[in-house]
Amino acid sequence: MVAINYIGQCGFVIFNDKVAFAVDPVLNDLVDENGKSIRNYPPVLSYDELEADYIFCTHDHIDHMAKETLTEVAKIDDTTKFIVPAGCVEEVVGWGIPADRVTGISAGESLTLDIGKLKVTGFSAAHPVHQVDENGKDHNLVYCFELDDKKLVHLGDTYLTEQLEKDLRSVGHIDVLFPPINGRDEEREAKGIIGNLSAEEAAQLSDKLRVDLAIPTHFDMVAGNTANPFDFAECLWKLNQENKCWIPTLREQYVD
């Protein structure tokens with residue numbers, strides 16, 4: 001059994017009877033340059049309710065790698081470990097989280113973690129392009145989690161590229177795919193908001209990869225940067241009526 005709990009935006013808590021981990025949890029408020037909240041709803045969990053052996057962050061944007069969330073959880077539970085792109089390690093340690101609790105991962109690298117023998121492999125995300133920093137370190141990743149003979153692939157934030165599709169095909173059969181669906185446009189890009197797959201692109205990718213289940217992400221939390229997940233479901237259904245998706249509601253759980 002693998003259980004998947006939705007906590008908003010790209011955030012999920014995933015667990016079985018051996019290990020629990022969170023991906024991109026954001027349990028604090030998000031504000032604009034004027035101090036105004038840009039969240040469409042309050043956090044669905046308090047910091048002490050997030051019980052996770054590991055927390056993974058796909059990249060260093062505030063709606064994915066949230067400083068307040070990570071530091072508060074680190075204070076409350078001194079056993080939680082943090083896995084982030086290699087280029088983000090220095091930033092997270094700089095927030096006061098002990099270095100021995102923070103592990104960096106790079107594209108093409110796999111880690112098998114002690115608790116639950118959870119295996120994770122990193123792939124480069126195009127946000128907006130595939131790139132590393134001046135030290136050759138990744139800041140934006142896709143994660144493939146292998147748990148209980150299932151492969152769950154969380155795309156974080158990314159455009160659709162030939163490299164991404166090639167990397168995902170190298171994974172083999174994907175049981176669950178988490179694609180962002182909020183797309184991109186000139187207005188948001190002019191404000192410095194980097195886009196993602198559109199609902200149609202995410203559906204096409206899910207269909208091409210023949211995933212068992214697609215779960216759309218990045219459609220509800222941030223004001224002015226939302227999407228309709230039912231557009232994704234419709235696109236997916238039109239491509240193949242056997243395609244399956246789960247449109248999660250907050251704190252809803254899917255068990256596979």
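Author: Here we go through this structure term by term, setting values against definitions. This is a predicted model, in which local features need pLDDT of at least 70 and side-chain atom pairs count only at pLDDT 80 or more, while totals for chains, interfaces and linings use all residues. Residues are numbered from 1 along each chain as its sequence is written, and side-chain values use heavy atoms, with hydrogens and water left out.

Reader: Let's start with a single residue. Why is Gly 8 called buried?

Author: Buried means under 20% relative accessible area, exposed over 50%, and partly exposed in between, with a 1.4 Å probe and protein chains only. Gly 8 has a relative accessible area of 2%, so it counts as buried. Gly 8 lies in strand E1, and six of the six residues of E1 are buried.

Reader: What is Gly 8 in contact with, beyond its neighbours within four places in sequence?

Author: Contact means heavy atoms within 4.5 Å. By that rule, Gly 8 is in contact with Tyr 41, Asp 220, Met 221 and Leu 250. Asp 220 is 212 residues apart from Gly 8 along the chain, yet their C-alpha atoms are separated by 7.2 Å.

Reader: What makes E1 and strand E2 (residues 11-15) a pair?

Author: Helices (H or I, at least four residues) and strands (E, at least two) are DSSP runs, numbered from the N terminus. Two strands pair if DSSP finds at least two bridges between them. Five bridges join E1 to E2, so the two meet that rule, and they run antiparallel. In E2, Ile 14 is the bridge partner of Ile 4. E1 and E2 form a hairpin with two residues between them, and Gln 9 in the turn has a positive phi of about 60°.

Reader: And which strand does E1 (residues 3-8) meet through three bridges?

Author: That is E13, which also runs antiparallel to E1. There, Tyr 254 is the bridge partner of Ile 4. Strands of a sheet pair through backbone hydrogen bonds, either parallel or antiparallel. In the open sheet, seven strands follow the order E6-E5-E4-E3-E2-E1-E13, with mixed pairing.

Reader: Why do E6 (102-105) and E13 (253-255) stand at the edges?

Author: Each has a single partner strand, so one side of each is left without a neighbour in the sheet. Neighbouring strands of this sheet are turned by 20° against each other on average, direction ignored.

Reader: What makes a group of residues a nonpolar core?

Author: The group must be a set of buried Ala, Val, Leu, Ile, Met, Phe, Trp, Tyr and Cys residues joined through side-chain atoms within 4.5 Å. The largest one here has 55 residues, of which Ile 4, Ile 14, Phe 21, Phe 56 and Phe 145 touch the most other members. Strand E9 (residues 141-147) gives the most to this core, with six residues. Apart from it lies another core of 22 residues, among them Ile 7, Tyr 47, Met 65 and Val 84.

Reader: How do you describe the packing of helix H3 (residues 162-170) and helix H5 (residues 199-209)?

Author: Two packed helices are described by the angle between their axes and the distance between the axes. Axes are lines fitted to C-alpha atoms, for helices over the stretch in contact, and angles run from 0 to 180 degrees between N-to-C directions. The axes of H3 and H5 come within 11 Å and cross at roughly 35°. Glu 165, Leu 168 and Arg 169 of H3 make the contact with Leu 205, Lys 208 and Leu 209 of H5.

Reader: What makes the backbone at Lys 117 and Arg 251 worth a look?

Author: Most residues other than glycine have a negative phi, and most peptide bonds are trans. Phi of Lys 117 is near 50°, a positive value, and Arg 251 has a positive phi of about 70°. Lys 117 has a relative accessible area of 59%, so it is exposed; Arg 251, at 49%, is partly exposed.

Reader: Which two residues does a cis peptide bond join?

Author: His 127 and Pro 128, with omega at about 5°. Pro 128 lies in the loop between strand E8 (119-124) and E9.
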